Amino acid sequence: MRKIILASTSPRRKELLAKTGLSFEAVASNYEEDMTLPMPPDELVKFLSKGKAESVAQYYEDAIIISGDTFISFNGLVLGKPHTRERAKEMLRILSGNEHTVLSGYTVIDTKSKKIISEVAEAKIKFKDLSDKEIDEYVETGEPLTRAGAYAIQTIKETFVINMSGDYDGIIGLPVSALMKTLESFEV
């Protein structure tokens, strides 16, 4: 059986891929993502996931490399991880009362055949109007700082979300059903 490498140390991506029953190793990607590149959001998310996969693929001669990248797209803005409480609050205020798109790109590379496929899964989420108190309390948990768009859907879906459609696993960080279909073309 061929070695499968997840080019990510994200606990959420590892958990999602583990649900498939695939045996894999998680390896950190040292790819420096630039979310300011002038591309449409759906192309950018695929480009970033490909960069992550390629940065790990170079170390393997015969392996299947899987990577993912997820961010929020809203009114021309691309929202990644906020990293600071102030930026998290700003992002949540932007999303409050609005529908936004979650883009989850993934790339699969066969390092032996050099075959590469990059795809994107889309989901739509509409937030209710959030009060400053709700935003402040959520940001104080620290959770939003490392999540695209400043939220983890698993935690806030009952309290912040009015409507949701699309690939739920993709919202979390890796669109597993789409990925599994892609892996079939790699005979995995």
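Predicted model: local features only at pLDDT ≥ 70, side-chain atom pairs only at ≥ 80, totals over all residues.

Let me begin with lysine 3, which is partly exposed at 42% relative accessibility. Its partner is glutamate 25, and the closest N and O atoms of this salt bridge are 3.6 Å apart. Lysine 3 sits in strand 1 and glutamate 25 in strand 2 (residues 25–26), so this pair links distant parts of the chain, 22 residues apart. Glutamate 25 is partly exposed too, with a relative accessible area of 36%.

How many salt bridges does the structure hold? The count is 15. I will show two others.

Next is aspartate 110 with arginine 2, where the closest N and O atoms are 2.8 Å apart. Aspartate 110 belongs to strand 5 (residues 99–110) and arginine 2 to the segment before strand 1 (3–6), so the bridge ties together parts that are 108 residues apart in sequence. Is aspartate 110 buried or exposed? Aspartate 110 counts as buried, because its relative accessibility is 8% and the cut-off for buried is under 20%. Arginine 2, at 30%, counts as partly exposed. There is also a network here: salt bridges link Arg2, Asp62 and Asp110.

The last pair is aspartate 169 and lysine 19, with 3.4 Å between the closest N and O atoms. Aspartate 169 is in helix 6 (residues 168–172), while lysine 19 is in the loop between helix 1 (11–18) and strand 2, 150 residues apart. Aspartate 169 counts as buried at 17% relative accessibility, whereas lysine 19 counts as exposed at 58%.

Note on methods: Residues numbered from 1 in each chain as written. Heavy atoms only, no water. Salt bridge = Lys/Arg side-chain N within 4 Å of Asp/Glu carboxyl O. Helix = DSSP H or I, 4+ residues; strand = E, 2+ residues; numbered from the N terminus. Buried < 20%, exposed > 50% of the residue type's maximum accessible area, 1.4 Å probe, protein only.
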